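I opened this notebook to keep track of what I looked up in the structure shown below. The entries follow the order in which I went through it.

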Protein chains: 2
Amino acid sequence: MSRWEPGAAERLRAAALDLFVEHGFAAVTVPQITARAGLTTRTFFRHFADKREVLFAHEAALPGLMTRFFADAPPGLTPMEVIVEGLCTLVAPRFDGLKDSLRVRRQVVLSDEGLRERDLRKRALIAEAGVAGFRDRGLDELSATLAAQLAATIIDTAAHRWLDDDTDRPMADVIRETAAALTGVVTDQAGTALTGVVTDQAKAGA
Amino acid sequence: MSRWEPGAAERLRAAALDLFVEHGFAAVTVPQITARAGLTTRTFFRHFADKREVLFAHEAALPGLMTRFFADAPPGLTPMEVIVEGLCTLVAPRFDGLKDSLRVRRQVVLSDEGLRERDLRKRALIAEAGVAGFRDRGLDELSATLAAQLAATIIDTAAHRWLDDDTDRPMADVIRETAAALTGVVTDQAGTALTGVVTDQAKAGA
DNA sequence: CATAGTGATGACACGTCATGTCGTCAACGA
DNA sequence: TCGTTGACGACATGACGTGTCATCACTATG
């Protein structure tokens, strides 16, 4: 038997999320969180760098996965194909089936400026990881940077659309639809052939 | 004669930048800044919401300008044309001729996690403003969101490339080049005009 | 000239965040 | 058995950020 109850980090995370939903992020103090989890303030900062991080630690592994997936994707795929495949493979499974809890988390994040900032930093870390992957594929620095930014834009936009959607559409579909729409905007087909193109691609993908 | 020396905000900004360059952002305290500017701590927070904001307040007007420019651009232009014209008109003049001071500022921002976060938040505010403009142009919500994200990606990437460039190339040129490269990545011409390597690999794979 | 209002600043107090340091105690291995 | 490791508690500290009130030049109005 251990001297302390196990799972300190997870208890802190759960306690923090509950309190954030109940009182709002800014109104909750770290001592309140640790009191509910049965720990001390100092222990909170041993597990999380700051009060915000408790809402983002769960996705710490994503950047590394992105780099490897982009770098190892079959040669011959276009950048957009690599992006869509990578996001559907790595990201979509982290969304499907978790819509309710992710909606709660998003509401908390959007309610606080500081949390929005941290959210954007996490997205930027994913993009930086993507740059490394595309560089390993042989893309020049500029193309790799832009491709990684596009990936970040697609996952971000798709995530919001998926969370706003009330059907059970799988995240991978939304990702493909968003990528197609982005191609349309860049090539100036915005709104013209959009609907038809998207459904065809979505059906092909499913 | 005034009771206090005029230009309190500008004095604070200059003092802060000097100290940040000299000691690093984290090592500088607000009382140090205000002491150099001949003011009190409380006055600093009357002019800037927090310690980071002193490095970003100068671009507070950009989002509003972006919204109006995008919304008022001549009808018939494609989204990418609107983006490039808007950025060249509104943003490029804020760069040309200021390369040295902007390089100093970038170095400070990149040296601190918190400043990077704030930087990303400012970019996101520009993107949000862009969405409003494209919506006013008649684009659907998804296309407007993606177009605004593309604009943010282009300005961000172009700014870094311009700062890394040692020639006197005007910012507008870099913006156009970056936009063209982005179109190339999306339509899979990445490297065609740049290296030629990737295209060969793609053709071999396909 | 007198008076009241406005607005930027100084002065002070306070709560929270974040970190450094040291002590405690269980678990583990030689 | 004994030393090491690692998670946590306890305490102290400094900086951040905010609320509140007083001060004093400037301005408008009569």
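Before looking up any residue I noted the terms for accessibility: buried means under 20% relative accessible area, exposed means over 50%, and partly exposed is in between, with a 1.4 Å probe and protein chains only. This is a predicted model, in which local features need pLDDT of at least 70 and side-chain atom pairs count only at pLDDT 80 or more, while totals for chains, interfaces and linings use all residues. Residues are numbered from 1 along each chain as its sequence is written, chains are lettered from A and ligands numbered from 1 in the order in which they are written, and side-chain values use heavy atoms, with hydrogens and water left out.

**Entry 1: the domains of chain A**

I looked up the division of chain A and found domain 1 (8-55) and domain 2 (61-205), with bounds that come from an automatic or database domain assignment. The C-alpha centres of these two domains lie 30 Å apart, and their contact (heavy atoms within 4.5 Å) takes eight residues from domain 1 of chain A and nine residues from domain 2 of chain A.

I then turned to the area between them, since the size of an interface is often given as the accessible area lost when the parts come together. Domain 1 and domain 2 of chain A bury about 830 Å² between them, 58% of it on carbon and sulfur atoms; this buried area is the accessible area (1.4 Å probe) that two parts lose on being put together, summed over both. Of the area that domain 1 of chain A buries against domain 2 of chain A, 61% is supplied by Phe25(A), Arg52(A) and Leu55(A), more than by any other three residues.

**Entry 2: salt bridges**

I counted a salt bridge where a side-chain nitrogen of Lys or Arg is within 4 Å of a carboxyl oxygen of Asp or Glu. By this rule there are 34 salt bridges over all chains, and three are found across the interface of domain 1 and domain 2 of chain A.

Which residue forms a salt bridge with Glu53(A)? I found Lys122(A), with the closest N and O atoms 3.0 Å apart. Glu53(A) lies in the loop between α3 (41-47) and α4 (62-72) of chain A and Lys122(A) in helix α7 (residues 113-136) of chain A, so the pair ties together parts that are 69 residues apart in sequence. For these labels, helices (H or I, at least four residues) are DSSP runs numbered from the N terminus. Both Glu53(A) and Lys122(A) are buried. I also noted a network of salt bridges that links Asp50(A), Arg52(A), Glu53(A), Arg118(A), Lys122(A) and Glu117(B).

Two further pairs went into the notebook. Arg121(A) forms a salt bridge with Glu128(A), the closest N and O atoms being 3.5 Å apart; Arg121(A) counts as buried because its relative accessibility is 5%, whereas Glu128(A), at 40%, counts as partly exposed. Arg169(A) forms a salt bridge with Glu177(A) at 3.1 Å between the closest N and O atoms, and here Arg169(A) is partly exposed at 24%, while Glu177(A) is buried at 13%.

**Entry 3: Glu81(B)**

Last, I looked up Glu81(B), which lies in helix α5 (residues 79-91) of chain B and is partly exposed, with a relative accessible area of 38%. A polar atom of the Glu81(B) side chain lies 2.9 Å from the backbone nitrogen of Thr78(B). The C-alpha atoms of Glu81(B) and Arg176(B) are separated by 9.7 Å, although these residues are 95 residues apart along the chain.

Note on methods. Helix = DSSP H or I, 4+ residues; strand = E, 2+ residues; numbered from the N terminus. Polar contact = N/O pair within 3.5 Å; in protein donor to acceptor, adjacent residues only side chain to side chain.
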